[in-house]
Amino acid sequence: MSGTQDSAPRPQVWPTLRAHDARGLIAFLVEAFGFEETVVYGEGERVDHAQLSWPEGGGVMLGSVREDAGAGTGPTLPGAFGAYVVTADPDAVHDRAVAAGAKITDPLHGTDYGSRDFAALDPEGNRWYFGTYRGEPRHG
């Protein structure tokens, strides 16, 4: 790989999702996977905007399902989201997820391209993949 991880640009892609129970999903993602609650805006059970940061870089943004949003005008519908999250320690994330009651859909395993991965579902039905694969170096 050319360069070092320290010289890589900061993540600027923020996956977004909606949830029927956004506050419950936030609590689950923090407890089960180790995301950090950075900010949550909204009143009562409604979440207008939340940012959860991944300790190793990047994160996700989410909010409550909005009944007034038309089809195709907002983020992915609840349960239709999937993300691959890079971690240096998938075993620790896996153990944390299991302890929190996450449904593991693909157990820890090695891949033919050298990564160590597992997959789990959140309470909304979204698919989360965790592993050591950081992607290939950019060309040019």
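Reader: How many helices and strands does the protein chain have, and what makes a run count as one?
Author: The protein chain has two helices and eight strands. These are DSSP runs, numbered from the N terminus: H or I of at least four residues for helices, E of at least two for strands. This is a predicted model, where local features need pLDDT of at least 70, side-chain atom pairs count only at pLDDT 80 or more, and totals for chains, interfaces and linings use all residues. Residues are numbered from 1 along each chain as its sequence is written, and side-chain values use heavy atoms, with hydrogens and water left out.

Reader: How do you know that the span of helix H1 agrees with its 12 residues?
Author: The expected span is 1.5 Å times one less than the number of residues. For residues 22-33 that gives 16 Å, and the end C-alpha atoms are 16 Å apart, so the two agree.

Reader: Which residues of H1 are called buried?
Author: Buried means under 20% relative accessible area (1.4 Å probe, protein chains only). In H1, Ala 22, Leu 25, Ile 26, Phe 28, Leu 29, Ala 32 and Phe 33 are buried. Down the axis of H1 they fall within an arc of 165 degrees (taken from the directions from the axis to the C-beta atoms), so they line one face of the helix.

Reader: What makes a set of residues a nonpolar core?
Author: Its members are buried Ala, Val, Leu, Ile, Met, Phe, Trp, Tyr and Cys residues joined through side-chain atoms within 4.5 Å. The largest such core here has 26 residues, and Leu 29 and Phe 33 are among those with the most contacts inside it. H1 supplies the largest share, seven residues.

Key:
Buried means under 20% relative accessible area, exposed over 50%, partly exposed in between (1.4 Å probe, protein chains only).
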